[in-house]
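Hi,

Here is the structure I promised to pass on. Have a look at it first, and then read on for my notes.

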Amino acid sequence: MTAPLFHMISQAPTPVGPFCHATEIDGWVFLTGQMPTDPNDPDASLPEGIEAQTRRVMDNLILVLEGLSLSLVDVANVRIFLTEFERDFEFMNKVYSAYFPTESLPSRTCIGVTALAVGALVEIDFVVRR
């Protein structure tokens with residue numbers, strides 16, 4: 001087993017807490033949950049609504065993947081956290097599913113939570129295999 005690598009990606013959003021964008025060990029890459037923050041302006045307001053926030057989160061995850069020379073085809077598992085599960089689940093799914101081909105959807109867990117950092121409606125993290 002090799003020592004973990006801790007990745008910070010310059011193009012990705014500034015982390016909202018004390019963590020790296022991804023940790024890699026033995027070909028597995030664990031991407032930190034991304035928030036719907038603007039990668040070019042960490043002080044900008046969050047996008048309005050679950051669809052816009054889901055797009056921003058997915059686009060932020062893609063920035064991290066690209067910074068690691070990976071892509072969505074490498075994603076093995078996804079976790080999604082929603083603050084308004086019953087209200088937002090269907091709308092989040094419509095945006096989320098547009099990012100993956102239907103024949104190669106990664107395994108996934110979606111969890112309702114009471115709150116997320118920066119007042120976000122959604123947070124998503126990935127487990128990726130290099």
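To start with something you can check by eye: is D125 buried or exposed? D125 counts as buried, because its relative accessibility is 9%. Keep in mind throughout that this is a predicted model.

R79, at 39% relative accessibility, counts as partly exposed.

Another of the salt bridges joins E24 and R130, again at 2.7 Å, N to O. This pair links distant parts of the chain, with E24 in strand β2 and R130 in the segment after β6, 106 residues apart. E24 counts as buried at 10% relative accessibility, while R130 counts as partly exposed at 45%.

Then there is E90 with K94, where the closest N and O atoms are 3.5 Å apart. These two sit 4 residues apart in helix α2, so about one helical turn separates E90 from K94. E90 is partly exposed, with a relative accessible area of 48%, and K94 is exposed, with 52%.

Now the strands. β4 (residues 75-82) pairs with β6 in the antiparallel sense, over 7 bridges. If you want a spot to look at, I80 has I124 in β6 as its bridge partner. β4 also pairs with β5, this time in the parallel sense and over 6 bridges. There, L82 stands opposite G112 in β5.

On to the rings. The count of aromatic pairs comes to 3. In the pair F85 and F89, the ring centres are 4.9 Å apart and the planes are at 20 degrees, so the pair is stacked. Both residues lie in helix α2 (residues 85-97), 4 residues apart, which is about one turn of the helix. F85 counts as partly exposed, at 30% relative accessibility, and F89 counts as partly exposed at 30% too.

F100 and F126 make an edge-to-face pair, because their ring centres are 6.4 Å apart and their planes are at 70 degrees. F100 is in the loop between α2 and β5 (107-112) and F126 in strand β6 (residues 122-129), so this pair ties together parts 26 residues apart in sequence. Both F100 and F126 are buried. Together with Y96, they form one aromatic cluster. Y96 has a charged neighbour as well: R108 lies over the face of its ring, 4.8 Å from the ring centre.

A few things in the loops are worth a look. V16, F19 and V118 form a nonpolar patch on the surface, with about 230 Å² of accessible area together. V16 is in the loop between β1 (5-7) and β2 (22-25), and at 39% relative accessibility it counts as partly exposed. V118 lies in the loop between β5 and β6 and is partly exposed, with a relative accessible area of 45%.

Which backbone angle stands out at V118? Its phi is positive, about 55 degrees, although V118 is not a glycine. D26 is also not a glycine and has a positive phi, of about 50 degrees. D26 lies in the loop between β2 and β3 (28-34) and counts as partly exposed, at 37% relative accessibility.

Cheers

Note on methods. Residues numbered from 1 in each chain as written. Predicted model: local features only at pLDDT ≥ 70, side-chain atom pairs only at ≥ 80, totals over all residues. Heavy atoms only, no water. Phe/Tyr/Trp six-rings, centres within 6.5 Å; stacked < 30°, edge-to-face > 60°. Buried < 20%, exposed > 50% of the residue type's maximum accessible area, 1.4 Å probe, protein only. Lys NZ or Arg CZ within 6 Å of the ring centre and 35° of its normal. Patch = residues over 30% accessible without salt bridge, like charges linked within 9 Å, V, L, I, M, F, W, Y side chains within 5 Å. Areas by Shrake-Rupley, 256 points an atom, 1.4 Å probe, with all protein chains shown as cover. Salt bridge = Lys/Arg side-chain N within 4 Å of Asp/Glu carboxyl O. Pairing = 2+ DSSP bridges.
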